Amino acid sequence: MSQQIIDSKTHENVSSIGRLLLDMGKITPEDTDRILRRQKEEGIKFGDAAKQLGLITEDDLQQVLSRQFDYAYLPAANAQYSADLVAAYQPFSTQVEGFRALRSQIMFRWLNEGFKALTVVASDSGDGASYISANLAVVFSQLGKKTLLIDGNMRQPRQHKIFNLKQSFGLSDILADRTPGAEALFNIPDFPNLTVLGAGTVPPNPQELIGRQNFPQLIKYASSIFDVIIIDSPALSAGSDAQMLASISRGAVLVSRLHHTSINRFKLLKNQIDGAGANIIGAVSNNY
């Protein structure tokens with residue numbers, strides 16, 4: 001009976017919100033009758049009526065609206081992922097607006113030129129390359145771009161913790177032929193356009209793995225499937241992995257830490273990425 005009311009053609013907008021709330025388990029079919037009665041009595045929208053009855057919260061309502069507009073983000077109560085994912089948990093903050101500005105810069109200067117892959121690099125560990133990579137991947141997925149985030153930091157990987165990945169296999173296992181690629185990919189359920197490839201087993205020879213021929217082949221294959229490929233990398237101070245990754249992706253976004261990275265360190269980073277033959281797409285001063 002309740003489902004029929006929700007499907008009523010005379011309440012098309014209400015039906016859509018109601019169905020989403022039901023799918024999310026926020027209300028029961030029995031609740032819809034109460035909501036529709038309150039909606040009729042007060043002359044208010046379905047979601048507002050449900051909120052007025054105490055059946056849903058404002059956060060629930062915003063979640064439903066985000067789904068209607070195909071804009072995925074997470075409620076604060078969802079602690080499944082790291083709080084570092086500000087683009088997922090605080091999408092309307094000034095901080096995330098900065099990520100959208102970076103996204104636009106990358107689109108105009110890189111993706112629109114026909115490239116798809118880029119590497120996020122920093123001088124030192126703790127400058128925030130993993131943080132920038134993860135949030136950049138989220139804002140691209142929110143734009144509807146099929147996005148692949150690769151954790152290329154096989155020395156001190158972080159993306160498996162940020163996204164709470166379940167797979168033990170990852171990039172190192174693919175490059176070492178320890179697993180087929182598909183088993184290592186993790187589709188983030190709350191972000192339909194986002195796939196993450198974790199670093200996998202921490203190997204003794206990350207540079208040698210990156211130097212194998214199957215890594216460029218992996219990027220080439222991924223480019224045929226995804227709209228954008230973001231590679232997180234180890235700090236330059238940890239070795240030349242980042243240079244190799246930037247060379248393969250052909251593009252790099254440089255990350256510095258505000259009040260921490262010296263001008264000389266940043267110049268060295270730029271020179272080394274230039275020396276690897278990669279294009280510098282943009283630069284970020286991180287203050288997280």
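Me: How many aromatic pairs does a search of the whole structure find?
Reply: Rings of Phe, Tyr and Trp (its six-membered ring) pair if their centres lie within 6.5 Å; planes under 30 degrees apart count as stacked, over 60 as edge-to-face and the rest as tilted. Here the search finds two such pairs. Phe99 and Tyr131 are edge-to-face, because their ring centres are 5.9 Å apart and their planes stand at 65°. This is a predicted model: local features need pLDDT of at least 70, side-chain atom pairs count only at pLDDT 80 or more, and totals for chains, interfaces and linings use all residues. Residues are numbered from 1 along each chain as its sequence is written, and side-chain values use heavy atoms, with hydrogens and water left out.

Me: Which parts does the pair of Phe99 and Tyr131 tie together?
Reply: Helices (H or I, at least four residues) and strands (E, at least two) are DSSP runs, numbered from the N terminus. Phe99 is in helix H7 (residues 94-109) and Tyr131 in helix H8 (residues 129-142), so the pair links parts 32 residues apart in sequence.

Me: Is Phe99 buried or exposed?
Reply: Buried means under 20% relative accessible area, exposed over 50%, partly exposed in between (1.4 Å probe, protein chains only). Phe99 is buried, at 5%. Tyr131 is buried too, at 4%.

Me: What are the values for the pair of Trp110 and Phe115?
Reply: The pair is stacked, with 4.0 Å centre to centre and 10° between the planes. Trp110 is buried at 3%. Phe115 is partly exposed at 25%.

Me: Where is Phe191 found?
Reply: Phe191 sits in the loop between strand E3 (185-187) and strand E4 (194-197). Its relative accessible area is 2%, so Phe191 is buried.

Me: Which residues does Phe191 touch?
Reply: Contact means heavy atoms within 4.5 Å. Leaving out residues up to four places away in sequence, Phe191 touches Ala72, Tyr73, Leu74, Ala88, Val138, Ser141 and Gln142. Phe191 and Thr179 are 12 residues apart in sequence, yet 25 Å apart in space, C-alpha to C-alpha.

Me: What lies over the face of Phe226?
Reply: A charge sits over a ring if NZ of Lys or CZ of Arg is within 6 Å of the ring centre and within 35 degrees of the ring normal. Here Lys146 lies over Phe226, at 5.8 Å from the ring centre.
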